[in-house]
Amino acid sequence: MPDKESAAPDAVPGGESGAPGGESGTPDEDSLEDVQEMTTADMTVYEAVAALNMENRPATVAAVAAMTGFPEDSVRRCLGTLTDGGRLVPEGDAYTLGTHDWGLEY
């Protein structure tokens, strides 16, 4: 995970476009494969959700904020962007990883 200095909450997008992909907001295959479309803050939040999921802990806003050091409002914005992009799936008050295909090809 990036250090807190390089992923400062002020790096969280306030007005960036929402979901990558098709006009309907449904992510297309290309946008799910391109992790470079994610901001540093989005990637930090995504990694926190993944870590919490791996530990079978709920990835709530509070848990992600505690893990990243970001304010809860910033975490909510990132979670919204990641959910809109299909990278995360909301489940009640928590989030799980969405569809991804980041396998290595040789």
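## Basis

Axes here are lines fitted to C-alpha atoms, for helices over the stretch in contact, and angles run from 0 to 180 degrees between N-to-C directions. Helices (H or I, at least four residues) and strands (E, at least two) are DSSP runs, numbered from the N terminus.

This is a predicted model: local features need pLDDT of at least 70, side-chain atom pairs count only at pLDDT 80 or more, and totals for chains, interfaces and linings use all residues. Residues are numbered from 1 along each chain as its sequence is written, and side-chain values use heavy atoms, with hydrogens and water left out.

## Helix packing

Helix α2 spans residues 40-54 and helix α3 spans residues 61-68. They pack at about 110°, with axes 9 Å apart. That angle makes α2 roughly perpendicular to α3 (65 to 115 degrees). The crossing is right-handed, with the near helix turned clockwise from the far one by less than a right angle.

On the α2 side, the contact (heavy atoms within 4.5 Å) uses Thr44, Val45, Ala48, Val49, Ala51 and Leu52. Ala63, Val64, Met67 and Thr68 supply the α3 side. By class, this contact has eight nonpolar, two polar and no charged residues.

## Strand pairing

Strands pair if DSSP finds at least two bridges between them. Strand β3 (residues 94-97) runs antiparallel to β1 (residues 59-60), joined by two bridges. Here Ala59 stands opposite Tyr95.

Four bridges join β3 to β2 (residues 88-91), also antiparallel. Glu91 faces Ala94 across this pair. The β2-β3 hairpin has two residues between its strands. Gly92 takes a positive phi near 70° there.

Definitions and conventions
Angles under 35 degrees count as roughly parallel, over 145 as roughly antiparallel, 65 to 115 as roughly perpendicular and the rest as oblique. Ala, Val, Leu, Ile, Met, Phe, Trp, Tyr, Cys and Pro count as nonpolar, Asp, Glu, Lys and Arg as charged, and the others, Gly among them, as polar.
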